[in-house]
Amino acid sequence: MSDWEETSPERLYVITGGRSGASAPAELDLVTLIVARSGPKPGMQPEHTAIVRICQAPLSVAEISAYLRLPVSVVTVLLGDLLDQDRVFARAPVPPARLPDRALIEAVIDGLQRL
Amino acid sequence: MDFNGSEQAAALERGPRSEDVLPETATAAVKVVIVGGFGVGKTTLVGSVSEIRPLTTEETMTQAGVGVDDTAGVASKTSTTVAMDFGRISINEELVLYLFGTPGQERFWFLWRGLFEGALGAVVLVDTRRLEVSFDVLGRLEERGVPFVVAVNSFPDAPRYPVAELRGALDLPEAVPIVPCDARDRASSRDVLMTLMRYLQTLATTQEAS
Ligand SMILES: Nc1nc2c(ncn2[C@@H]2O[C@H](COP(=O)(O)OP(=O)(O)OP(=O)(O)O)[C@@H](O)[C@H]2O)c(=O)[nH]1
Ligand SMILES: [Mg+2]
């Protein structure tokens, strides 16, 4: 179900200003929830504006990538900028070191049972 | 390969439908990875239980990591696009579970940093017509210490084996659950996830006891 438009490597290079995923914050996981601190401001790069717009409610890094059709590696670089500028904050995923946490698993089981 | 500026601009206008917006109270997220060979039913399973229409994220893989593909006409292509479908289940007001359906080849897993490292566990989807494609996946997950259960998708023309025979063929320890599943069925797919969670609980109990 790949209906993504091919975004060329050149285009992605322009979006991130040539920075690779290596310059993205290490704590950003696919399921880190991102929330904007305010609305988009004039003069922001279009990709930054788009992220701030869709993150008015919590949204995972993976969802941001899917909606904006930008690879996660590009989204995390852009999120690094927005975090630096205090425009968004990140709700870290439940740290794997604590897993398997019985209370957490029980919560998931309860949730699945209601499905 | 020209990018289409207007299409990309249109993508920047996209976002979740109003019914797909998470509540402000959503503060924590966990993930489970659905892994299996080509066409085994990963996307179907994700779609069956997801509260949102499955979404796709893509990452580009450079030639260095890919076997040389000399299909006529794509000789100039220097990169391969790898897609991963995912879905979401709101567990409660605070906790969200994400399900990622990822291809079985380990070289793709590195495209998404921390895909398995931060996961609660994995579901390995198996097609009994092509058991051999699962061997590699199972070995890699064991190496990485990712807890997993095996779900056997019931394709109509697929041979049925007793669980013990499958366990032997897949060389799996007694403790690893093997369950039949119909990925098209919501309840069946939900039960697979439930099996994984119960298994994680036994692992936690064993850990606490030792
Ligand atoms: N009979 C039967 N068919 C299934 C089942 N699960 C999936 N299918 C069918 O198998 C086909 C492939 O399913 P997908 O969900 O696209 O498989 P996939 O693993 O996501 O495939 P790729 O992403 O292309 O590797 C579809 O036509 C599904 O309808 C199942 O449990 N039983
Ligand atoms: Mg698929």
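A backbone N or O atom of B:Ala183 lies 2.9 Å from an oxygen atom of ligand 1, a polar contact in the sense of a pair of N or O atoms within 3.5 Å, where within protein one atom must be able to donate a hydrogen and the other to accept it, and residues adjacent in sequence count only if both atoms are side-chain atoms. The protein covers 68% of the 650 Å² of accessible area that ligand 1 has on its own, with areas taken from the Shrake-Rupley method with a 1.4 Å probe and, for residues, only the protein chains shown counting as cover. This is a predicted model, in which local features need pLDDT of at least 70 and side-chain atom pairs count only at pLDDT 80 or more, whereas totals for chains, interfaces and linings use all residues. Residues are numbered from 1 along each chain as its sequence is written, chains are lettered from A and ligands numbered from 1 in the order in which they are written, and side-chain values use heavy atoms, with hydrogens and water left out.

An N or O atom in the side chain of B:Lys42 is 2.8 Å from an oxygen atom of ligand 1, while a polar backbone atom of B:Ser154 is 3.5 Å from a nitrogen atom of ligand 1. In total, 15 residues surround ligand 1, and the closest are B:Lys42, B:Thr43, B:Thr44, B:Asn153 and B:Ala183; a residue is near a molecule or strand if one of its heavy atoms lies within 4 Å of it. Helix 2 (residues 42-49) of chain B gives the largest share of this shell, three residues, where helices (H or I, at least four residues) and strands (E, at least two) are DSSP runs numbered from the N terminus. By class, the shell has five nonpolar, seven polar and three charged residues, with Ala, Val, Leu, Ile, Met, Phe, Trp, Tyr, Cys and Pro counted as nonpolar, Asp, Glu, Lys and Arg as charged, and the others, Gly among them, as polar.

Chain B as a whole has six helices and seven strands, and from the N terminus on its elements run α-β-α-β-β-β-α-β-α-β-α-β-α. Its C-alpha trace spans about 55 × 50 × 35 Å along the principal axes. With 210 residues, a compact globule would have a radius of gyration near 17 Å, and the 19 Å of chain B agrees with this; the radius is taken over C-alpha atoms, and the globule rule is 2.2 Å times the number of residues to the power 0.38. Of the 210 residues of chain B, 51% count as buried, where buried means under 20% relative accessible area, exposed over 50%, and partly exposed in between (1.4 Å probe, protein chains only).

Strand 4 (residues 95-103) of chain B is mostly covered, with nine of its nine residues buried. Both of its faces are covered, with B:Leu95, B:Leu97, B:Leu99, B:Gly101 and B:Pro103 buried on one side and B:Val96, B:Tyr98, B:Phe100 and B:Thr102 buried on the other. Strand 1 (residues 28-36) of chain B runs parallel to strand 4 of chain B and is joined to it by nine bridges, two strands being paired if DSSP finds at least two bridges between them; here B:Val30 stands opposite B:Leu97. Strand 3 (residues 79-90) of chain B runs antiparallel to strand 4 of chain B, with six bridges between them, and B:Arg88 has B:Tyr98 as its bridge partner. A hairpin through four residues joins strand 3 of chain B to strand 4 of chain B.

B:Lys31 lies in strand 1 of chain B and counts as buried because its relative accessibility is 0%; its side chain reaches the backbone oxygen of B:Gly114 at 2.7 Å. By contrast, B:Asp171, in the loop between helix 5 (163-170) and strand 7 (178-181) of chain B, counts as exposed at 64% relative accessibility, and has a positive phi of about 55° although it is not a glycine.

In chain A, three strands form an open antiparallel sheet in the order 2-1-3, with strand 2 (59-60) and strand 3 (88-91) of chain A as the edge strands, each pairing on one side only. Helix 3 (residues 61-68) of chain A is mostly covered, eight of its eight residues being buried, and just after helix 3 of chain A, A:Arg69 takes a positive phi of about 55°.
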